[in-house]
Amino acid sequence: MADPKGFLNHGREVAERRPVEERVQDWHEVYPGGPGRALLPIIKTQAGRCMDCGIPFCHQGCPLGNIIPEWNDLVWRGDWDGAMDRLHATNNFPEFTGRLCPAPCETACVLGIPGDTYGGPVTIKNVEVAIVDRAWESGYVRPQPPEWLSGKTVAVIGSGPAGLAAAQQLTRAGHTVAVYERADKIGGLLRYGIPEFKMEKAVLDKRLDQMRREGTVFRAGINVGEDLTAEQLQDRYDAIVLAVGATLPRDLGATGRELDGIHQAMEYLPQSNRASLGADVEDQIIATGKHVVIIGGGDTGADCLGTATRQGAASITQLEIMPEPPGERPAGQPWPTYPMIFRVSSAHEEAGERVYAVSTQEFLGNEDGQVRALRLVDVVFEGGRPVEVPGTEREIPADLVLLAMGFTGPQTTGLVEQLGCELDERGNVRRDSTYASSVDGVFVAGDCGRGQSLIVWAIAEGRAAAAGVDAYLTGSTALPAPIPPT
Ligand code: SF4
């Protein structure tokens, strides 16, 4: 156990972000010098608040099974390298989760019991990112190439967190792994979906460099299914891991959807991310000087909000059909249960208005076919379904509308179709208990099998699918499989 009285003597404390007026002028991460460095003065005390519970509920909250009490204790004792080893034992990329994960482990922490009796949950996510950022700075994170080669080859299709986790596990297990990505650079959503102010690309590039040095080969700019057929892929590789994500965006069928100025978030964010890194983006969708309306209250909506703020939007309104969360836990419920999709992100501190329990009835346009307003109506939930409240209709101005309502599933044309993989009843790629698809030698990891989910689930799936592939190729495996497929 860390400090036996830590949780009694110290409340929860998080690092100060840079002042809003400063940080909205640039695209850098919102913490001064990055979160790890910003946290160093307080993190030992915060790690010392962990009670090393006999039954650590934080474990159950973390899909990766992170050994949280152990690395809290090691940080409190000043054994940073030991803490890094424990963290890496279950998580390939803690610098990603420490920045991007909504921390279900903290929601599960017993110090979050009602009434704020013990000052709030342990800042697990902050401890995590402090450990890994410090380890990178000190040079402790080094390549771990395999000691022998199996002679087996694996193609990983998709370079988001699930694909990268599978690739690193399989490379370290001795297989020769190539990761294919249709975009011009490796990283999937981590590269072009996540804004710099949440995670600078240098963080991703450091990890990719480590993977290269371990032997993973990256092939960007190749759309497998078009540039390379499924048959060619199967001829070249002993196993294939599909980690193509759930990329089909949910749309809104309201009248006027065809107007100019209405875009999916994943049309807007990648362009903005490229531009923020200095690229010239032709016909860029940009929020400068516009009244921006974001439909969707989750993390992607918050990323649009922070991006539009930095681009200098005239106003930003974020709409959410669900009611505003009460902020308190329901009576009789001991654990914090607020829906993670409603988290307040750094972007919400900066600008914008959040409107809850509201539905879009219609997009209104001008004579040029450009959106100019939305007609909204309040809703209440009856029997789990939203019901419009008569008399609450009103218009709000909008020059740019961003749809951030999540994703319905994977793209099933192209490679998935060519391979002949079966789909499940939700439209995801079907897999068995070993993450194997219905096609021999083809495995499925991440959102394309699970449906849209969190980065921590994607990494856990990548690790588990790697175990399935390793067993398929060699007859057994020592790789961990932290979660079963759903
Ligand atoms: Fe520590 Fe909270 Fe986990 Fe208990 S539940 S071991 S206090 S982090």
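Modeller: H5 gives the most to the lining of the second largest cavity, with 3 residues. Helices here are DSSP runs (H or I, at least four residues), numbered from the N terminus. The model is predicted: local features need pLDDT of at least 70, side-chain atom pairs count only at pLDDT 80 or more, and totals for chains, interfaces and linings use all residues. Residues are numbered from 1 along each chain as its sequence is written, and side-chain values use heavy atoms, without hydrogens and water.

A cavity is a set of points on a 1 Å grid over the protein atoms alone where a 1.4 Å probe fits but cannot get out, and lining residues have an atom within 4 Å of a point. Grid points are joined across faces, edges and corners, and a volume is the space filled by probe spheres set on the points.

The second largest cavity has a volume of about 100 Å³. Its lining comprises 15 residues, and Cys 50, Cys 53, Cys 58, Cys 109 and Val 110 lie nearest the centre. Helix H4 (57–61) and H5 are the elements that give two or more residues to this lining. By class, the lining has 13 nonpolar, 1 polar and 1 charged residues; Ala, Val, Leu, Ile, Met, Phe, Trp, Tyr, Cys and Pro count as nonpolar, Asp, Glu, Lys and Arg as charged, and the others, Gly among them, as polar.

A search of the whole structure finds 2 cavities of 30 Å³ or more. Helix H5 (68–77) is one of the helices that supply at least two residues of its lining, to which H9 gives the most, with 3 residues.

Note on methods. On a 1 Å grid over the protein atoms alone, a cavity is a set of points where a 1.4 Å probe fits but cannot get out, and a pocket is an open set with protein on both sides within 12 Å along at least five of seven lines; lining residues have an atom within 4 Å of a point.
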